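The following paragraphs lead the reader through one structure. They begin with the surroundings of a ligand and then turn to the fold and to some individual residues.

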Amino acid sequence: MECGKIEPERVNTRILSASEVSEAAEILKNGGTVAFPTETVYGLGANALSESAVKRIFKAKGRPSDNPLIVHIADIEEVERLAEEIPPAARLLMNEFWSGPLTIILKRKSVVPDVVTAGLDTVGIRMPSEPLARELIRLAGVPVAAPSANISGRPSPTTAAHVIDDMDGRADAILCGGDCGVGVESTVIDMSADVPTILRPGGISASRIEAVIGEVRSGRGLSESEAPKSPGMKYRHYAPRARVVIYGDPSEVRGENVGVMAFESHTAEFEGMPLVSLGSTPQDAARRLFKGLRELDKLGVDVIFAPQIPDGDDWAAVRNRLYKSAGGI
Ligand code: TXA
Ligand code: MG
């Protein structure tokens with residue numbers, strides 16, 4: 001996206017292009033917040049070692065303080081600075097999947113402030129593969145705490161335009177890059193306990209992890225494959241303004257002012273309606289899900305109908321995000 005085009009309308013947030021990454025790093029060094037692209041979703045970063053800088057992230061997002069942040073690093077060796085104990089299996093995962101969409105939870109060192117970990121004795125660490133993210137972290141010279149750069153509860157941003165929609169006036173700067181290739185957040189695996197446990201399905205599937213370290217446990221609810229038939233439960237996460245309703249069969253899609261998400265093979269059945277295709281593969285759907293929810297929201301629909309997601313490990317991340325956006329799990 002061309003950042004220059006939108007700059008004049010922006011008052012409180014600096015919009016920086018990739019060539020201005022050193023200015024973005026300077027803002028991080030000075031205790032400010034910078035939204036930046038990663039291969040999964042855009043993150044909202046601050047110096048992870050500064051309590052006051054990290055507090056500004058929570059404020060900008062409106063995030064509850066009991067939800068810990070992931071710390072991003074640019075080189076594998078930096079993990080030693082943050083983590084107390086690195087079990088051999090965690091090492092195997094780092095060697096196999098870093099840089100990339102895997103967050104590893106380890107026992108933390110005391111250098112990591114409580115505000116990052118929400119007081120837990122563990123810290124989530126990830127080394128993103130997006131080169132611009134790593135350049136930013138390297139130039140800042142500090143580990144960067146970063147949740148997704150959305151207002152708390154909304155779908156995560158996968159384009160610079162999404163970030164501007166949510167973070168204009170809230171972040172100190174937005175570093176613009178391209179669209180995120182993965183489209184859903186990293187897989188979070190807890191390697192601090194006796195049995196490795198996947199806490200959040202994401203960019204790396206459980207079976208790919210099991211191929212490296214053997215059997216892992218999946219956290220509560222994550223393997224659930226039953227679609228919620230009606231949304232509107234209390235818990236909202238990844239949620240657009242519109243109500244999200246899961247359909248099993250296209251004939252269930254009806255009503256006024258509704259939008260539809262559909263797999264490519266079904267798009268013809270919804271001709272004439274506001275429609276977003278989820279493509280055909282888990283990778284397509286991951287890339288299009290959050291973007292599609294935001295697009296349909298912009299059209300002002302009241303309800304977004306989205307399809308039931310297939311069972312199976314390779315669909316786990318999309319299933320988890322979509323059903324949560326429908327208020328399901
Ligand atoms: O792909 C991603 O992971 C993106 C990009 C920006 O890197 N980040 C991201 O951050 O999704 P966030 O804050 O939206 O999600 C972090 C997740 C939360 O579910 C949080 O509870 C969990 O990681 N988490 C972080 N630290 C943890 C810890 N010490 N123990 C357990 N869960 C942790
Ligand atoms: Mg998030």
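By class, the shell around ligand 1 consists of 11 nonpolar, eight polar and four charged residues. In this classification Ala, Val, Leu, Ile, Met, Phe, Trp, Tyr, Cys and Pro are nonpolar, Asp, Glu, Lys and Arg are charged, and the others, Gly among them, are polar. The model is a predicted one, in which local features need pLDDT of at least 70 and side-chain atom pairs count only at pLDDT 80 or more, while totals for chains, interfaces and linings use all residues. Residues are numbered from 1 along each chain as its sequence is written, chains are lettered from A and ligands numbered from 1 in the order in which they are written, and side-chain values use heavy atoms, with hydrogens and water left out.

Ligand 1 is surrounded by 23 residues, of which Thr40, Arg63, Asn67, His72 and Ser186 are the closest; a residue is near a molecule or strand if one of its heavy atoms lies within 4 Å of it.

Which elements give two or more residues to the shell around ligand 1? They are strand E4 (70-72), strand E6 (122-126) and strand E10 (197-200). Strand E6 gives the most, with four residues. Helices (H or I, at least four residues) and strands (E, at least two) are DSSP runs, numbered from the N terminus.

**The fold as a whole**

The protein has 10 helices and 15 strands. Its radius of gyration is 19 Å, close to the 20 Å that the globule rule gives for 329 residues, so the protein is as compact as a globular protein of that length. The radius is taken over C-alpha atoms, and the globule rule is 2.2 Å times the number of residues to the power 0.38. Along the principal axes, the C-alpha atoms fill a box of roughly 55 × 55 × 30 Å.

Of the 329 residues, 56% count as buried; buried means under 20% relative accessible area, exposed over 50%, and partly exposed in between (1.4 Å probe, protein chains only). Among contacts with a separation of 6 or more, 66% are between residues 24 or more positions apart, where contact means heavy atoms within 4.5 Å.

**Helix H7**

Is helix H7 (residues 160-167) largely enclosed or open? Six of its eight residues are buried, so helix H7 is largely enclosed by the rest of the structure. The buried residues are Ala160, His162, Val163, Ile164, Asp166 and Met167. They pack against several elements, including strand E1 (14-16), helix H2 (51-61) and helix H9 (282-298). Just after H7, glycine 169 takes a positive phi of about 85°.

Threonine 122 belongs to strand E6 and is buried, at 15% relative accessibility. Beyond residues up to four places away in sequence, threonine 122 touches Ile105, Leu106, Lys107, Arg108, Thr117 and Ser192. Alanine 118 lies in the loop between helix H5 (114-117) and E6. Although not a glycine, alanine 118 has a positive phi of about 55°, and it is partly exposed at 29% relative accessible area.

Asparagine 257, in the loop between strand E12 (243-247) and E13, also is not a glycine and has a positive phi of about 50°.
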